[in-house]
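Biologist: Please pick one part of this model and take me through it closely, along with whatever packs against it. Spell out your cut-offs as you go.

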Amino acid sequence: MQSLLFWAAVTAYALATAGFFLGLAFEQPAWRRAAHLVALAGLAPHAAVIGLRWAEVGHGPYNTRYEVLSFQAFLLVAAWGLLALRSANVRSLGVLVLPVAFLLMGFSVSTFGLKKEVPIIFKSWWLVLHIGFAKLFGVSILLAACTAGAFLWRRRRPGALPSLPSQARLDLYAHQFLLSAFLFLGVMIAAGALWANQSWGRYWGWDPIETTSLVTWIAFGVILHFRVLHRWEGARMAWLTLVALAFALVTLYVVAVMVPTIHNSYMVGS
Amino acid sequence: MLWRTLRSAALARAILISLAAFGALGAWAPWVQDGGPPAPAWAVALRLDHPFSSPWFLAGVAALFASTFACTWGRRGRIAAVRRGELPGTALRLEGDGAALRRFLEDQGFAGAGPVLRRHGLALWGGWVLHVGLLVLIAGVLLQQVLHDGGTFVLTEGEVRSLRDPGAVFQVERGPLAPAQPPDLSVLLERFDPERKQAGYAPDRLSQLRLTGEGGRERRATIDRASGVDVDGVVIHQAIRTGLSLTLEIAGMGTRAVALQKRTAHEASAEVRDQGGRAARFVVTTERALDDPRGPGQLLVRLERGGETTFLTSGAPFDFGGPPTRTTGVRRWGSFTYDRSPGLPAVLAGFAIILLGCALLVFPAGVAVLPAGGEAGQAAVHVLRGAAVLEGDWRALTAGSAPAGPPG
C-alpha cells in the first residue's frame, strides 16, 4: 500500500513537471494551471504514505534517508503549491521546483524499505522544533535557489520564457526566500542547542554538523551583507544564492553521510 | 582611525569569512573526529589541536565582537530618523498625483494618516536587533564559560557517593570563576538498566536516582539520555558509558564497588591496590559479549597479583592484603555528568534576540514620504528591498497597464 501511494505521488510530480515544461515551452497558461493542480493532487497520496510510515515505525519522518528526503519533497511541493495559489508569478516557478521534488523522491526511494528505531534522545519536544525548522530551512533555500536559477535563465534568454516573473521580481523573491532560510536556520541551530542542553547538559559541542550549520549561517550572513551593505543584486546575488544552496546541502545532507556525527541517523541509508 | 576601521564593512566581511573558513576546517579536521588520529605535531605547535578553544579562534570571536559593536554603535539614531521620515538620499523617487501615490503605496502595504507612510515599521530595526543579539550572545557565552563547571562520575547499582568525595568526579571542566569544589550533592543509584526499552525508541540507559542536596533535601528521579534532573541548580545527566562492576565487602569498611573497564569483547578489568598497597588486577570474563543486550551470561572472576591468579567465588572470602574481604556480586555501573551553568540565561537571551532580529528582517520594511498637501509631486520611498519592483509596478500603473506578471 505504501509503495503504491509513494509511486502515485512520484507519478503526479512527474506529470506536473512535464506539464510545466510543455506549458512554458508552448506558452499555454491552462497547461500550467493543470500541472499545478496535478502537483497539488500528488500531495494527497504523499501525505498518506508519510502518515502510514509514521504509524508503522512509531516516529515522525526524520530517521532514514527515505523518510527525511521524501518529507522534504512533500514540504517543498506543499509550500510552493500554496504560495502559487496566491500568485501566478510563483506558480511559474513550478518548472524548477517540481523537478527538484522529483529528484528528492528518486534519491529517497533507495532506502524505502529501511525502518529503524529512533534513539532515546529523540524523546524531546525540541526535536519537533529543531527538525521542523530544518525542514523549513531546506524548503526556503530550495525555493531561493529555484528562483535564483529562474533569474539566471531569464537573464540569459529574456524572450525564452515570458511567463516567468520579471527579473526584478525574481531577484526580490530570491532575497526574500534567502532571508527566510537565514531565520529558519537560526531557529534550527538554537533549538538544536537547547535540545543538546536538555539531553547532555551542554548547548554546543562542535559536532561536525553543528559547526557546519554555524558556518552556513555565517556564510548566509556574509551573502546578506553583500546585498544590504554593498547593494549587490541581480546575477551576482543569484550566483551567491546558489552558493548558499551548496552550503545548505552540505549542512543538511553531505556531512551526515560522510563524517561520523551525532546526526548520522537521519541520513542513514543502510 | 581604529574606530573607522572597526566600522568598515570590509573588516566585518573579512572576519566573518575567516571565522566561517576556520569553522569549516576545524569541523573537518581528522583529529577532531570521533576515533580520529592524534593531532599532528604542527597542529599542536600552532595550538590547533583543539581548534575551537585555540587562541586563533578566540581572537576571531573577539574581533567579531569589536566589529559588531562598532557597526551597531550609533546606528540607532539613523534608523529612528528614517522611521520618522528623514529618508536617505538613495530613497526611490516616484512622481505623480498625491492621492494616486497614496493609494498605490497603501496597496503595497504602507499605512499612515499623515505624509509619512510606513510598512512594517518595526522591521526597520531587524538588522540592528540582530547585531545587538550577536553582542549579547558572545558576551553570554563568555559569562557562561567563566562560571560553568561540570564533570563525570560513575555509580554502581546500589552505590551512593558524594560528588565531593576525593576522586568521585573526573573529566572536570571548570571556568575561572566557577566554584572550586564539586557541588555538595550525594547520589544513590537505586536502579540502573543499560538496555531499557521505552515504547517507540531503541533500548538505552535508564537510571533511578536518589539525590540529597545541601541541607539534606532529598529527591528521587528517573533519568535517561533524553533529559536530566535539576537539583538546586546542579543538573545531573545520564551519560552513555557503562560496564561491569565488582562489589567487594571488606570487614569493618562496608562495601566498595570496583568499576571494570572493557578490555576485549568478553573481558573487563580494573587495576587496583590491595589493602596492603600492592598492585592487583580484578578480571571478569563473560560467556556472552559484554554489550550483549541479553546480559553477559556466566561470569568468571579472578584476582591477579604478584604473578599469582586467584579465582573468586561470590560470597567466599579471599586474601586482599588486610581485613577479610569477599565479593558479593558483579553488577552494572552507569556513568553520569553534573553541570552547573549559572550563565546560561545570558546565552539564551542572545539566541532569543538574534532570532527576533532575523524574524524582523523577513518583513519587507519601508517608509514613504508623500508630497506635501496631497498634491502632485514626488514621493520618496525607502524600502529595505524590492525598490526596483516597486518602481516597476508604479510605472506600469501610471502607464495604464497592470504590473508585469504571467497570465497563469
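Modeller: Two strands count as a pair here if DSSP finds at least two bridges between them. Strands themselves are DSSP runs of E with at least two residues, helices are runs of H or I with at least four, and both are numbered from the N terminus. This is a predicted model, so local features need pLDDT of at least 70 and side-chain atom pairs count only at pLDDT 80 or more, while totals for chains, interfaces and linings use all residues. Residues are numbered from 1 along each chain as its sequence is written, chains are lettered from A and ligands numbered from 1 in the order in which they are written, and side-chain values use heavy atoms, leaving out hydrogens and water.

Let's go for a sheet in chain B. Four strands make an open sheet there, in the order β1-β20-β19-β2, with antiparallel pairing. At the edges sit β1 (92–96) and β2 (116–119) of chain B, each of which pairs on one side only. On average, neighbouring strands in this sheet are turned by 20° against each other, direction ignored; such angles run from 0 to 180 degrees between N-to-C directions, with axes taken as lines fitted to C-alpha atoms, for helices over the stretch in contact.

Strands pair through backbone hydrogen bonds, either parallel or antiparallel. Zooming in on one pairing, β19(B) (residues 366–369) and β20(B) (residues 377–383) are antiparallel partners over four bridges. For a specific link, B:G366 has B:V383 of β20(B) as its bridge partner.

Now for the helices. Helix α5(B) (residues 75–84) packs on the sheet, touching β2, β19 and β20 of chain B, and its direction makes about 115° with that of β2(B). Contact, by the way, means heavy atoms within 4.5 Å. Helix α9(B) (residues 387–398) lies across β1 and β20 of chain B and runs at about 10° to β1(B).

Follow α9(B) and you end up at chain A. Two packed helices are described by the angle between their axes and the distance between the axes. Here α9(B) packs with α7(A) (residues 167–200) at an angle of about 145°, their axes 8 Å apart. The crossing of these two is left-handed, that is, the near helix is turned anticlockwise from the far one by less than a right angle (clockwise would be right-handed). As for who meets whom, α7(A) brings A:A168, A:R169 and A:L172, and α9(B) brings B:A388, B:V389 and B:D393.
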